[in-house]
Amino acid sequence: MIKRLLIILMAAMPAFSALAVTDKEMEQAKTIAAKAYLRYANDGSGYLDDVKATTMSELQSKLKAKEKENLKAFNSVKIPGDYASWDKAKLVEFWSITFFTSPNLSDKGKIARSTVKKRISAMNVSAPAPAAPKEPEKPEATAPAATPEAAPAQPSASAPAAEEVPSADAAIEKQEEILADQNAIAQAEEETRLSGQKDDNTWIYVIVLVILVGVVVWLVVFAANMMKKQKPADDSDGTPNGSGASDSELRAQFSKAMAKKNEELKGVADRLELSENEQARLMRTVENLKEENLRLKEEIARLKSQVRQQPSAAPVEAAPVAREMAAAPQPERRMPNVIYLGRANSRGLFVRADRRITPGHTIYRLDTRDGLVGTFHVVDEPEVTEVALNNPVEYLAGGCNAIDIEDTAGATRIVTENAGTALFEDGKWKVLRKSRIRYE
């Protein structure tokens, strides 16, 4: 009887010692992390949202050239070889925290940490099938030992498949975010074109600054040479007090020259800032004139259409009517005073704008008087706060500054200390100055 109990315990020991991460589960977790990293590392990788892969080889076969290049940095991070002794918590900690501390990874790709943590936490980490026990000496003792140990490994085969089916609401929200990102990318190209024009207008001030810096360096060298020449002459006269006085005079002259050049540099910087502000104002004026010109063209086309539609029996009356309509004051277009904005992307562009709060998308409220410049702050509503605190890097980092914007543990409210400033440019609201927030 004792011998039979020993045989049963020996057969059961491999099953208890094998509770760890398997190679297949490690490969699946690595694939999840790689897909999320590549998705955030490149703005044009939206196609990865539709890619389904459970192994690295399967994922790599579906990547484009840019993602294959980014995958080299991902693969360069060393993975510990003792993962067979990890539990699920250790697996989640490595792929969502430890792995992303590597300096080889891009900062944009590191935003995927929270996504990786959620997806790997949803995995089912199961124990691999136990090793076959050694055949005992007596055949009658082996039957009861092998039977109870074969069953526990079965349920884990199909467990990971359940997490691949997203809900209908999540799919719709995901598609909306992809469309918003695509629109933001199209606007960013136009923004790049305009920024090039701005650089052409400021090159003169850059040259002036370089010249002034060169003058300051020359003054430093000149003062140093004068002090070197003055010191031997003072020593030869045998008057140590005279040497001290000469050094003081040189230092005073040098300080005055430096102060004067600093004032000149400050004046140039102020003029440069005024020039940039004036340029921004002129660009807004040009946009307004373009809109007014387009509105006038539409009004002229409408009047011509009305004149053509008048009866042919009274052609003389058409002209006075058209003149009266043209002379009548046109209604002034009114822009909404309050606009609700979504998150701001990495280029500082708000991805959407609505007239009312849209749950799941609205993050900021913008107040404007002229429809061109306005101030914004985080909406103080429970549904907006919950979305922003769950992923502060994605929803808040683009438009807000905070002491530690990622640390939302225990926070239930977002307080805006200083409102941000936004500019309406090329059909999009753009962040000029971020708002400052704190968590409570």
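## Strands and their pairing

Two strands pair if DSSP finds at least two bridges between them. Strands (E, at least two residues) and helices (H or I, at least four) are DSSP runs, numbered from the N terminus. The structure is a predicted model, in which local features need pLDDT of at least 70 and side-chain atom pairs count only at pLDDT 80 or more, while totals for chains, interfaces and linings use all residues. Residues are numbered from 1 along each chain as its sequence is written, and side-chain values use heavy atoms, with hydrogens and water left out.

Strand β3 (residues 364–368) pairs with strand β4 (residues 373–378) in the antiparallel sense over five bridges. Strand β1 (residues 338–341) also runs antiparallel to β3, and four bridges join them. Y364 of β3 has V378 as its bridge partner in β4, and L341 stands opposite Y364 as well. The hairpin of β3 and β4 has four residues between the strands, and G371 in this hairpin takes a positive phi near 80°.

Buried means under 20% relative accessible area, with exposed over 50% and partly exposed in between (1.4 Å probe, protein chains only).

## Aromatic rings

Rings of Phe, Tyr and Trp (its six-membered ring) pair if their centres lie within 6.5 Å; planes under 30 degrees apart count as stacked, over 60 as edge-to-face and the rest as tilted. The count by this rule is 14 aromatic pairs. In one of them, W95 and F99 have ring centres 5.0 Å apart and planes at 45°, so this pair is tilted. F99 and F100 have ring centres 5.6 Å apart and planes at 85°, so their pair is edge-to-face. W95 and F99 are both buried, and so is F100.

One aromatic cluster is formed by Y37, F74, Y83, W86, F94, W95, F99 and F100.

## Charges over rings

A charge sits over a ring if NZ of Lys or CZ of Arg is within 6 Å of the ring centre and within 35 degrees of the ring normal. The charged end of K90 sits over the ring of W86, 5.9 Å from its centre. For K64, the ring is that of Y47, with the charged end 4.5 Å from the ring centre.

## Helix packing

Helix α2 (residues 23–41) packs against helix α6 (residues 113–121) at an angle of about 155°, with the axes 9 Å apart. This makes the two helices, α2 and α6, roughly antiparallel.

Technical notes
Axes are lines fitted to C-alpha atoms, for helices over the stretch in contact, and angles run from 0 to 180 degrees between N-to-C directions. Angles under 35 degrees count as roughly parallel, over 145 as roughly antiparallel, 65 to 115 as roughly perpendicular and the rest as oblique.
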